[in-house]
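Here's a quick tour of a ligand site and a pocket. Have the viewer open as you read.

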Amino acid sequence: MNIYKQIFKEIKKYNTIVIARHIGADPDALGAQFAFKNIILRLFPDKKVYAVGNPASRFKFFGNNDRIDDICTNNALLVVVDTPDLKRIDGANPSDFEYVIKIDHHPVIDTFGNIEYIDDNACSTSQLILEFVYANKLQLTKEEAELLFLGIVGDTDRFLHDYTSSKTFELVARLLNETDINFTSLYKKLYHRPLVEVKFEGYIYSNLTVTENGVAYIKLTDKLMKEYGVDSAAAGNMINDLKFVDEIVIWIFLSEDVKSNLIRANIRSVGPYVNELASRFGGGGHIFASGARLKTWEDADKLIEAYDNLMIEYKKLN
Ligand code: AMP
């Protein structure tokens with residue numbers, strides 16, 4: 001049986017369904033999560049469907065996350081979207097559930113689902129949810145279509161990144177034809193930002209260190225971010241903007257997050273794969289877009305050095 005039909009069969013069986021995604025919610029995770037929740041509830045209004053995880057204030061237009069403290073999960077289905085590793089599932093533990101389905105587009109890390117549907121050639125998990133919809137001959141409401149469109153646009157950075165494929169365009173064209181969403185107006189929701197963030201981006205560009213091997217990095221302390229009036233997640237939203245710079249092959253933003261007592265690394269590459277090295281630092285991700293959470297600035301220095309060495313090896317071979 002087609003995997004999407006199999007997933008739909010399991011969804012029909014369960015009265016309680018929890019949909020989880022990764023910590024540090026982004027548009028793709030949220031778009032996939034809330035679209036899936038809304039589709040199930042619309043088709044089966046008597047089911048209880050929860051979308052769990054810590055809310056992301058920047059992206060609250062996707063929907064409000066639910067809490068599942070009081071519900072019994074023993075007989076419930078858990079669907080985990082956009083999350084390859086157990087440690088990054090936000091707000092649910094697969095072992096508490098009767099049945100678990102994973103739908104993801106990251107390279108495999110942990111296996112925790114009874115059904116694991118992974119397509120690491122897909123540009124986004126929202127694309128996979130869209131494939132699920134059409135494979136099961138379902139219709140989308142305008143609101144669901146908007147959520148999935150935002151998810152796809154978020155992860156592809158407006159169809160810029162690798163894994164944006166003809167399939168992506170075919171699916172999105174069908175979505176636009178069938179739901180007639182006003183997609184240009186949606187960009188405002190995703191990309192509008194305060195001037196302080198633009199000034200902060202200016203700081204980053206002016207103060208980047210670029211090694212002779214093509215690794216660019218910047219350390220962003222809590223103090224600096226407070227001076228600029230931006231939050232610790234701000235830099236992460238700007239990382240993709242350095243994709244086409246002559247001197248830069250790998251680039252790393254290191255942002256201090258005092259609330260969580262960690263340093264967040266956003267790592268990107270247009271050369272060597274970066275996810276394996278990220279996982280050695282406790283992180284992970286896609287081959288050209290990875291992340292990690294570090295404990296100290298010494299660890300941050302080690303990470304920079306490791307990527308610089310990776311570039312030295314890469315240059316020898318290319
Ligand atoms: P980001 O730089 O936060 O946009 O993350 C880029 C990619 O790396 C995403 O696919 C994330 O799922 C993954 N990623 C980010 N942080 C971590 C982490 N701490 N552990 C594992 N994967 C991560």
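## Ground rules

A residue counts as near a molecule or strand when one of its heavy atoms lies within 4 Å of it. This is a predicted model, where local features need pLDDT of at least 70, side-chain atom pairs count only at pLDDT 80 or more, and totals for chains, interfaces and linings use all residues. Numbering runs from 1 along each chain as its sequence is written, and side-chain values use heavy atoms, with hydrogens and water left out.

## Around the ligand

The ligand has 15 residues around it, and Arg-88, His-106, Asn-266, Arg-268 and His-286 come nearest. Sorted by type, the shell holds two nonpolar, eight polar and five charged residues. Domain 1 (3-188) and domain 2 (195-317) each give the shell at least three residues; these bounds come from an automatic or database domain assignment.

Ligand oxygen atoms lie 2.9 Å from a polar side-chain atom of His-106 and 3.3 Å from one of His-286. At Gly-291, a polar backbone atom is 3.2 Å from an oxygen atom of the ligand. On its own the ligand has 480 Å² of accessible area, and the protein covers 83% of that (Shrake-Rupley method, 1.4 Å probe).

## The second largest pocket

What lines the second largest pocket? Its lining includes Val-52, Asn-65, Arg-67, Asp-90 and Gly-91, where lining residues have an atom within 4 Å of a point on a 1 Å grid. By type, the lining splits into three nonpolar, four polar and four charged residues, with Gly counted as polar.

Key. A polar contact is a pair of N or O atoms within 3.5 Å; within protein, one must be able to donate a hydrogen and the other to accept it, and residues adjacent in sequence count only if both atoms are side-chain atoms. On a 1 Å grid over the protein atoms alone, a cavity is a set of points where a 1.4 Å probe fits but cannot get out, and a pocket is an open set with protein on both sides within 12 Å along at least five of seven lines; lining residues have an atom within 4 Å of a point.
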